[in-house]
Amino acid sequence: MCFKFSVLVTVYNKEQYLKKCLDSIVNQTYKNFDVIIVDDGSTDKGKKIIDKYMLKNNNIKYFYQDNKGVSCARNECIKHVTNDYFLFVDADDYIDTNLLYNLNKELCKDSNLDVLSFNMTEVSEENKIIRVLEKASFEKCTGEDAFIKYILNDNYVYFDTPWGYVYNTAFWKKNRFEYIEGKVHEDSLLTPIVILSASSVVSTKIQGYYYVQSLNSITRVYDPDILDKRINDIFNNYRILIDFVNSCELREESRVYILRHFAYVLLKIPYHFNLKDKKNYFKKMKQIKFYKLIYPKIGRVKSKISKVIAFINIKLFYYIYKSFEKKSIFII
């Protein structure tokens, strides 16, 4: 059985990475796919590079829009998808040339999947491997069970990126998923919602996505104004996520694990902030009533104490958590 894929690429001033990205896509050993590129108002020479690939590859579709941000560009990509499944590739990243072949092989085992997950490798701009990221692997299960398996993975890695997944087009469009435009970390909001909404998820051991650690990434370049927006967007995202989780029909145990996971993520974010930015971050944590994310498990005294400390003094709680985490003690 052959499934047809769409590979979605959003581009904004990535000419130095674009050739490697597109080479990895057009040279796939599996040929039943198209490439949808949305140019988000680039001002560099990326379009000339894309034109050369379009002359040699009739399966590439190119769309241009004024600069509106990556969320809008991803949404625009999805509007043009007509194939069975789709996946995202950022323009500064690249994929293994056997990725689509391996994904199709996996989908042939069960053609009725909403989401199929695969793994990624962090690499430097010089293509040196930094670390291999392995999400939990598991057979077909619900989105709720999948989310819990990701959370409890001993080799914990982030799993809220848009890439690293193949999405069933009918499932996505039926649910009318959209990235919120104008947000930083928009993927960390939508990907959990997509997973929790899925009826069927499979997580494989396939390695096939190379995540390039760009020095110019918006999350790596320090700018007080950008960081302030980033902090605001993070907390707005988690307000939406918390409301979504509380509105879902989930097992109560699952709800507890998921909300505690959100608490864990929020605690890790400010590790490398300066004191001024940490102060701003703690203020935001207090505003969203962070302590409510710490559900005390039955008979677990430490969790109850943690919740009280977080309620009284979020800054104190953060530093206690950080010191305990170094000793691999999970106190929430």
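Two strands are said to pair if DSSP finds at least two bridges between them. The helices (H or I, at least four residues) and strands (E, at least two) that I shall name are DSSP runs, numbered from the N terminus.

Good morning. The model before us is a predicted one, in which local features need pLDDT of at least 70 and side-chain atom pairs count only at pLDDT 80 or more, while totals for chains, interfaces and linings use all residues. Residues are numbered from 1 along each chain as its sequence is written, and side-chain values use heavy atoms, with hydrogens and water left out.

Let us begin with strand β1, residues 5–11. Which residues are the bridge partners of F5? In β4, the partner is Y85; in β2, it is F33. Strands β1 and β4 (residues 85–88) run parallel and are joined by four bridges. Strands β1 and β2 also run parallel, joined by seven bridges.

Seven of the seven residues of β1 are buried, where buried means under 20% relative accessible area with a 1.4 Å probe, protein chains only. F5, V7, V9 and V11 point one way from the strand, and S6, L8 and T10 point the other way.

Together, β1, α1 and β2 make a right-handed β-α-β unit. Right-handed here means that, with the strands pointing away from the viewer, the path from the first strand over the helix to the second runs clockwise.

I turn now to the helix of that unit. Helix α1 has twelve residues and reaches 17 Å from its first C-alpha to its last, close to the 16 Å expected at 1.5 Å a residue; the expected span is 1.5 Å times one less than the number of residues. Its buried residues are Y17, L18, C21, L22, S24, I25 and V26. Among the elements that cover them are β1, β2 and α2 (46–56).

Is Q28 buried or exposed? Its relative accessible area is 0%, so Q28 is buried. Its side chain reaches the backbone oxygen of S24 at 2.7 Å. Contact means heavy atoms within 4.5 Å. Neighbours within four places in sequence aside, the contacts of Q28 include F33, I95 and L100.

Finally, consider C77, in helix α3 (residues 70–79). C77 counts as buried because its relative accessibility is 0%. Beyond its neighbours within four places in sequence, C77 is in contact with L8, V9, T10, I36 and V38. C77 and I37 are 40 residues apart in sequence, yet 6.9 Å apart in space, C-alpha to C-alpha.

Conventions: Buried means under 20% relative accessible area, exposed over 50%, partly exposed in between (1.4 Å probe, protein chains only). A polar contact is a pair of N or O atoms within 3.5 Å; within protein, one must be able to donate a hydrogen and the other to accept it, and residues adjacent in sequence count only if both atoms are side-chain atoms.
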